[in-house]
Amino acid sequence: VVVAAGAMGTSYYMGGKLEQEFTSNIPKLEMQGVSVKVVSYERGAFSSTAKTSWTIEGTDEPTQFTAEHKISHGPLPMGHAAQIHTSFQLPDSADEGLKTALNGRSPLEIDTKLGWSRSSSNVMTSPAITARIKDSDMNWGGMKAEWDMPAGMKGAKGTANFAALHFKDEEGSAGMDKAVMRFDIKQPEGQKFWVGPFAMTIDKVTALKKEEEGKTSASSFEGISMDSDTILKDGVVEMTLKSGIKSAKLENAKADDLLLDMSFHNLDAAWFNDVIDMSKRKTASTEEGEESEGLEPDLREKLMKNLTQALARKPSIDFKRISLRTEDGVSEFGASVAYTGDGQKMQNLVEDVKLSFKADVPSKALDTFLTSRKKNAMLALFEDDSDYKPEEIAAAAKEQAQASLQALKEQGILVEKDGKLNTQIVYTNGEIQVNGKTLDADGTAVLMSEAL
């Protein structure tokens with residue numbers, strides 16, 4: 001009897017502690033555009049129940065739904081302090097087709113095991129369903145996410161798997177197949193941002209749109225990947241991002257092995273926090289109906305206050321490589337923007353910035369790009385009100401593209417070698433250098449006209 005009473009007392013005490021932590025931690029789940037409130041909490045000897053209300057702000061009416069929580073906190077021993085089962089409920093305004101497909105099931109459930117140190121292990125699942133929603137057929141393959149969190153909810157390490165999501169209606173279709181995410185992130189003490197690695201892969205994304213006269217417009221992206229990492233050291237933030245697409249098709253255009261490799265260096269953490277704070281405040285004020293223009297002077301003042309320190313870090317952005325492969329060959333690009341001053345002389349900001357750009361492109365690919373650009377410029381100028389025939393516009397665009405290429409070659413901006421055109425452009429100390437030589441006024445005029 002004494003043991004049973006002690007177990008019950010301990011369990012009830014744990015239930016009280018959990019109630020305090022539950023109600024105090026719920027606000028931590030709030031994020032921009034999402035608010036959470038505890039509607040009820042009923043504590044028992046060995047288990048408790050709770051209900052929370054969630055509101056998602058949007059451009060129209062806010063979406064509201066509830067979540068029910070079943071909390072087990074005894075009797076001892078359980079191997080952990082408590083176990084929480086959370087089931088989200090569809091909002092009353094949810095489509096009837098979705099309600100029918102779920103057939104009483106929760107669209108999202110989370111099982112949480114809370115450790116004695118208040119760290120947690122979590123498993124989130126969503127069931128696979130096929131539904132007719134309004135005028136669209138939806139096929140959701142379900143998802144499962146598993147992650148661990150330390151006490152304080154300032155970190156997360158785990159994986160998430162999404163089977164598939166497809167939509168189809170009379171206008172076309174769109175779909176995604178197999179997405180996987182991996183993350184090991186945390187929020188450093190006193191910071192507004194998160195650091196650590198994040199990775200994602202998607203097998204395939206497709207879209208099909210039906211057009212007039214039975215024609216269709218199709219696009220697809222296969223083998224999508226993204227790897228990023230954020231590091232904080234001595235008040236400085238470093239970020240890297242590497243993304244790729246194995247194969248991309250847009251109507252009649254096709255490219256393979258697309259790659260983006262970029263990084264941010266020497267970002268001041270304090271200034272980074274200010275930007276995040278102001279962005280949140282501006283968005284929240286706009287949602288509440290305040291004029292965003294009225295906030296701009298204050299936002300500008302706070303940014304400018306810490307700008308000197310931010311610039312003294314010598315921040316830079318480096319696009320190490322942007323590349324793709326087409327039937328014409330491999331095109332490669334690189335660019336960087338770096339501040340080289342000390343942040344003390346704002347009037348010299350333009351001179352204190354170093355810009356660089358390099359390109360190595362197949363001659364035929366650049367010719368095709370410039371021709372398309374010239375053609376689109378003429379079509380935009382005419383605005384569908386032209387007496388010129390399509391073939392005449394195409395011929396004029398081709399002629400203009402050839403003239404631009406010739407001018408760029410004559411000024412030494414483009415160098416042709418082995419069927420490819422390449423260039424290296426650097427702006428530093430108020431001067432433009434191209435392929436190692438200072439660009440004169442004529443060359444600058446040609447470069448600016450083509451760049452704009």
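These legends describe close-up views of a predicted model.

**Figure 1. The whole chain: an overview of the predicted model**. The protein has 452 residues, and buried residues make up 31% of them. Its secondary structure comes to eight helices and 22 strands. Among the contacts with a separation of 6 or more, 49% are between residues 24 or more positions apart. The average pLDDT of the protein is 86, and 87% of the residues score at least 70. Residues 1-15 are a stretch where pLDDT stays under 50. For residues 1-15 the model has 18 contacts beyond four places in sequence.

Figure 2. T86 has a relative accessible area of 8%. Because buried means under 20% relative accessible area, T86 counts as buried. The side chain of T86 makes a polar contact of 2.9 Å with the side chain of H69. Leaving out residues up to four places away in sequence, T86 touches A67, E68 and H69, and also L108, E109 and I110.

**Figure 3. Strand β5 paired with β4**. Strand β5 covers residues 108-114. Strands β4 and β5 pair in the antiparallel sense, over seven bridges.

**Figure 4. A145 in strand β9**. A145 has a relative accessibility of 4%. Since the limit for buried is under 20%, A145 is classed as buried. With residues up to four places away in sequence left out, A145 touches N122, V123, M124, T159 and A160. A145 and T125 are 20 residues apart in sequence, while their C-alpha atoms are 6.5 Å apart in space.

**Figure 5. The largest nonpolar core**. This core has 33 residues. Inside the core, the residues with the most contacts are W54, W147 and F162. Strand β9, residues 143-149, gives the most to this core, with four residues. A second, separate core has 18 residues, including L370, I425, V446 and L447.

**Figure 6. The contacts of F162**. F162 is one of the residues with the most contacts inside the largest nonpolar core. Which residues is F162 in contact with, leaving aside its neighbours within four places in sequence? They are W140, G142, M143, M176, K178, A179 and M181.

**Figure 7. A cluster of aromatic rings**. The structure holds five aromatic pairs. Ring pairs link W54, F65 and F88 into a cluster. W54 is also among the residues with the most contacts inside the largest nonpolar core. In general, a pair of aromatic rings is described by the distance of the centres and the angle of the planes.

Note on methods:
Residues numbered from 1 in each chain as written. Predicted model: local features only at pLDDT ≥ 70, side-chain atom pairs only at ≥ 80, totals over all residues. Heavy atoms only, no water. Buried < 20%, exposed > 50% of the residue type's maximum accessible area, 1.4 Å probe, protein only. Polar contact = N/O pair within 3.5 Å; in protein donor to acceptor, adjacent residues only side chain to side chain. Contact = heavy atoms within 4.5 Å. Pairing = 2+ DSSP bridges. Helix = DSSP H or I, 4+ residues; strand = E, 2+ residues; numbered from the N terminus. Core = buried A, V, L, I, M, F, W, Y, C linked by side-chain atoms within 4.5 Å. pLDDT = per-residue confidence, 0-100. Phe/Tyr/Trp six-rings, centres within 6.5 Å; stacked < 30°, edge-to-face > 60°.
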